[in-house]
Amino acid sequence: MAEEDSSQEKTEEPTSRKIEKAREEGQIPRSKELNTSAVLLFGSIGLLVLGPAGAEHIAAMARYNFTLDRMAVFDTAEIFRHIGASLWSATLALTPWLMVVLFAAIFGPIGLGGWLFTTKSLIPKLDRINPLSGLKRMFSMNSLVELFKSWAKIIVVGVVAWMVLSYYFRDAITLRQKELRPAIDGSLEILIWSIIIICSSTIIIAMLDVPWQIYSHTKKLRMTLQEIKDEFKDSDGKPEVKAKIRQLQHEAAQRRMMADVPTADVVITNPSHYSVALQYDSSVGDAPVVLAKGRDEVALKIREIAKKNNIPQMQAPPLARALYKHTKVGDEIPEGLFVAVAQVLAYIFQMDIFVKGKGPKPERKPDMPIPRDLRVDPD
């Protein structure tokens, strides 16, 4: 059987359970290109937005350090104070931008695969250090795709960089004709916008890499027909376990059913096979309700409980068979049996009055007519 399973091709899409199990083991689609693009793009935009404030801090730090007098140079405590102040200024200058980059590094991967934290991926696996497995990965389709992406990055970034430099070439040449401060400001503007545009070009590679990573991950999780059948058996339960569960559920339902028998108004029986306990409450419904029913041993148990609790019993085989066949526990009786059951309840009521000495004895048992479509032949 194992040989048959190993020879089958994995042609079926992974089930939701297989995907969830792989996720628990840390196997989700990830795109390094998407992460790299997010960090570069957010970092370059951060330079554009936060750069002026950071530059002011750096400039203030430079002025502070270049204004040391001669006595401070030979004072060790003063030097350390200057170093501490400079480090603080550098921290204030770089922290906002570093926070932006950290945000991109943390939340960039969530763009594909979502948030996941698991320690299972940290467990060492022997196949990772197996030379044969390493050679197989080197000459796999994934390696060829990685090689293609590397060349694509070089080409795309190179072409975009050439276009940016060509666009800003005249502006860069004219900077030498300006004063120092305007020239510095102009060069920084050209530099930052060039970085942003070049970093944005990596989005092209990420847009190609994301579908490939999703396809590669899905292909890796594909299953054989036998694997799907085995998973269905595991999730649905083994036949013997399901049979045991059904048995326990049936026993619990019977216990609840037997507990309701003492509240019945009458138990209609077929002395050899069937028993059906009925209750009629006009304030609850328009028709009698089946509290319990059963055959053979269950029918005998219903009659024993009814006898113990002084519940009236009436032998009416055709009606008992019809009620057993066409009703469920907890349901109202069929409309076609209304007349027959009403006659039984009226007879039981008259007998109760007679036993208490408050009325005459009923002359005879009711006819209890059963419609042709509800009749059940004896076993």
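Modeller: Axes are lines fitted to C-alpha atoms, for helices over the stretch in contact, and angles run from 0 to 180 degrees between N-to-C directions. The model is predicted: local features need pLDDT of at least 70, side-chain atom pairs count only at pLDDT 80 or more, and totals for chains, interfaces and linings use all residues. Residues are numbered from 1 along each chain as its sequence is written, and side-chain values use heavy atoms, without hydrogens and water.

Colleague: At what angle do the axes of helix 3 and helix 9 cross?

Modeller: Helices (H or I, at least four residues) and strands (E, at least two) are DSSP runs, numbered from the N terminus. The axes of helix 3 (residues 32-66) and helix 9 (residues 202-220) come within 8 Å. Their crossing angle is roughly 155°.

Colleague: Is helix 3 roughly parallel or roughly antiparallel to helix 9?

Modeller: Angles under 35 degrees count as roughly parallel, over 145 as roughly antiparallel, 65 to 115 as roughly perpendicular and the rest as oblique. The axes cross at roughly 155°. Therefore helix 3 is, relative to helix 9, roughly antiparallel.

Colleague: Is Ser275 buried or exposed?

Modeller: Ser275 lies in strand 2 (residues 274-279). Buried means under 20% relative accessible area, exposed over 50%, partly exposed in between (1.4 Å probe, protein chains only). Because its relative accessibility is 0%, Ser275 counts as buried.

Colleague: Which side chain does the side chain of Ser275 join in a polar contact?

Modeller: A polar contact is a pair of N or O atoms within 3.5 Å; within protein, one must be able to donate a hydrogen and the other to accept it, and residues adjacent in sequence count only if both atoms are side-chain atoms. The Ser275 side chain also reaches the backbone oxygen of Ala299 at 3.1 Å. The side-chain partner, at 2.8 Å, is Arg303.
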